[in-house]
Amino acid sequence: MLLVGCGTADSSDVAGDSVSAPPSSPSPSFTGRPECAKAPSDPVPSASPTESDAATADSGPSPENPHYDENHAYRMSGQLTAENRAAGEATVRLIRPALEKLRKDKQFSEESVRTVLSTWGCGDDNGLAIASGAPQYERVWFSFHNGSSCVSAEITTQAVTTEVYGAYAEPDPSGPCVENRGGH
């Protein structure tokens, strides 16, 4: 008999079988992507624990919902090493002048973004996902994987905002850097 379901099995549910602990952070289900928009990154300082690292280390499943992390893994982006974060930030510095030009010229179409990013070899092979939204012709959003990290940006009439983060463990079909809206 074949059983399919969400969640985890309690060790008392499986007689004689050993149950391994789930990984502490989700691992991406996609294979490596070709590199694009690579720029020299600044030297990475030696790692030292930060306040956010300490908070993450202490966080765990709450007693009210011990399987929350497991059941919401599809919504978590992977952690970045200092080197991968630096590579993503270097990509942002590389492409930002072109994004500011798009904003200044009021170029909010998906085609405009695709054309600009193709200059650095970014396209469908890198999981490029682009969306424009309301108000029409005043906002465009995109994300792609530069080979080391996810880079996303939103261009509006007011500003260009960017973010660097890890790929999603269970990404949306549109790309490894797009949060899956579904679930498992």
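Q: In what order do the strands of the open sheet lie?
A: This is a predicted model, in which local features need pLDDT of at least 70 and side-chain atom pairs count only at pLDDT 80 or more, while totals for chains, interfaces and linings use all residues. Residues are numbered from 1 along each chain as its sequence is written, and side-chain values use heavy atoms, with hydrogens and water left out. Strands (E, at least two residues) and helices (H or I, at least four) are DSSP runs numbered from the N terminus, and two strands pair if DSSP finds at least two bridges between them. The open sheet has 4 strands with antiparallel pairing, and their order is E1-E2-E3-E4.

Q: Which residue is the bridge partner of Arg 139 in E3?
A: Strands E2 and E3 pair in the antiparallel sense over 7 bridges. For Arg 139, the bridge partner in E3 is Thr 156.

Q: Where do the buried residues of H4 fall, seen down its axis?
A: Buried means under 20% relative accessible area, with exposed over 50% and partly exposed in between (1.4 Å probe, protein chains only). In helix H4, residues 110–118, the buried residues are Ser 112, Val 113, Val 116 and Leu 117. Judged by the directions from the helix axis to the C-beta atoms, these buried residues of H4 fall within an arc of 125 degrees, so they line one face of the helix.

Q: What covers the buried residues of H4?
A: Contact here means heavy atoms within 4.5 Å. The cover of the buried residues of H4 includes strand E1 (129–132), strand E2 (139–145) and helix H3 (82–104).

Q: What is the handedness of the disulfide of Cys 36 and Cys 122?
A: A disulfide is a pair of cysteine sulfur atoms within 2.5 Å, and the sulfur atoms of Cys 36 and Cys 122 are 2.2 Å apart. Both of these cysteines, Cys 36 and Cys 122, are buried. The torsion about their S-S bond is about 95 degrees, so the disulfide is right-handed.

Q: How many residues apart are Cys 150 and Cys 177?
A: Cys 150 and Cys 177 form a disulfide, with sulfur atoms 2.0 Å apart. The pair links distant parts of the chain, since Cys 150 is in strand E3 (residues 150–156) and Cys 177 in the segment after strand E4 (160–165), and the two are 27 residues apart.
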